[in-house]
Amino acid sequence: MNQFCLPYCLIIEEGIYEHLDEVLTECIPEITKKKVMIVTEPALENIMGRYLEEMRKDLPESELYLVEENSFEQAMKLAREIFTGGFQVIIGLGGGKVLDVAKYAGFVGKIPYICLPTTLSNDSLASPVAVLDIDENLRKTLGCKIPTGIVVDVNVIMGAPAIQLKSGIGDTISKYTALYDWKLDASRHGERVDDFAYMISDMALTALCYNEEKSLKSKEFVKILTQSLVMGGLAMEIAGNSRPSSGSEHLFCHSLEENYPEIKIPHGMAVALGSVVSCILQGRNVIRLRKILEDYDIDINPMNWNITKDIFVDAWQKAAATRKERYTILNEVPLETDRLERIYEQLI
């Protein structure tokens, strides 16, 4: 049985960043006496300046570190700072780039990590992985530890760009096809699906899909999206791998990233597009999935993301090779060019 950990604290409230002194102490006792590294990015230094200033007042032994890129090199540079500076806690304040770098650096430095997201673009805020650029054309998903504490201010999240929230929706919806692929893999290789992890991931999907509040500017919606993304991350921690949240739809996304880095499509939007195609390849009814995407105004027209028919076909035909150890529907169905071209035409 996989040994897993859960966050010590999870707080999702309106205006909670106004009380970070109390919250941080709840996550890590006597944090005010510890040496703390606060990580953010230059673009947020002014936007979140008030919160950063208050944190540094409350944490007299803290230092500010600005992340320029979400690269492995950046994370290791930060880990070196943690080692040489004797830091005891790391706090990440920002979006996916900041959080992944801080999470991995904290893992390497073997210190507690507290996650303070400013947007909800994917389920990495609570997952046991960090997605980092290895070089210009290669991005890797690296195993690490989940956060010690996750604190989400609903008011701050509501100020995030709509495209980032839609990306978070896309990453949640992708569980529809990922869970199918996980069971397919288990049935073909005689492996056991972790029932609890499967249930948590399915709950994350269901909570979002059957939520009556569809407005991205609704506080209730932000809370539900946060809960869904956190559940998605915890499902991976419980399973001991990313299967509850990542299947053939993510392989398509990886293929785009590795083979066509010039295509600038957010991760969550790419896996949402991938989920529709994977659903068709899995031989399932795609109407329900498309209706959910339409409810949240998720654009899955590949042309609108500069994905040509040739790129679309090639990305799908190379998708399985991006993670050869991962068995999905792509290992079972023929990916003929004419079939993929017909699917492309349906999508546009």
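Predicted model: local features only at pLDDT ≥ 70, side-chain atom pairs only at ≥ 80, totals over all residues.

Residues are numbered from 1 along each chain as its sequence is written, and side-chain values use heavy atoms, with hydrogens and water left out.

**Confidence.** pLDDT is the predictor's confidence in each residue, from 0 to 100. The chain has a mean pLDDT of 93, and 99% of its residues reach 70 or more. Strand β7 (residues 138-143) is where confidence is lowest, at a mean of 85, while α14 has the highest, at 98. Those element names come from DSSP runs (helices are H or I with at least four residues, strands are E with at least two), numbered from the N terminus.

Take α7, residues 162-173: its 12 residues reach 16 Å from the first C-alpha to the last, close to the 16 Å expected at 1.5 Å a residue. That expected span is 1.5 Å times one less than the number of residues. For burial, buried means under 20% relative accessible area, exposed means over 50%, and partly exposed is in between, using a 1.4 Å probe and protein chains only. In α7, 9 of the 12 residues are buried, so the helix is largely enclosed by the rest of the structure. Among them are Leu165, Lys166 and Asp171.

On a 1 Å grid over the protein atoms alone, a cavity is a set of points where a 1.4 Å probe fits but cannot get out; a pocket is an open set with protein on both sides within 12 Å along at least five of seven lines, and lining residues have an atom within 4 Å of a point. Grid points are joined across faces, edges and corners, and a volume is the space filled by probe spheres set on the points. The whole structure has 1 cavity of 30 Å³ or more. The largest cavity has a volume of about 50 Å³, and its lining includes Gly95, Leu99, Pro117 and Asn122.

The second largest pocket has a volume of about 240 Å³. Of its 18 lining residues, Cys5, Lys145, Ile146, Pro147 and Thr148 are the closest to its centre. Helix α5 (residues 96-109) gives the most to this lining, with 3 residues.

**Salt bridges.** A salt bridge is a side-chain nitrogen of Lys or Arg within 4 Å of a carboxyl oxygen of Asp or Glu. The structure holds 18 of them, including these:

| Pair | N to O distance |
|---|---|
| Glu53 and Lys57 | 3.8 Å |
| Arg243 and Asp185 | 2.8 Å |
| Asp295 and Lys291 | 2.8 Å |

Arg243 lies in the loop between α10 (219-239) and α11 (248-259) and Asp185 in helix α8 (residues 175-189), so this pair ties together parts that are 58 residues apart in sequence. Both Arg243 and Asp185 are buried. Glu53 and Lys57 sit 4 residues apart in helix α3 (residues 49-58), about one turn.

Most residues other than glycine have a negative phi. Glu30 has a positive phi near 60°, and sits in the loop between α1 (20-27) and β2 (36-40). Asp297 has a positive phi too, near 55°, in the loop between α13 (287-295) and α14 (309-319). Glu30 is partly exposed at 49% relative accessibility, whereas Asp297 is exposed at 54%.
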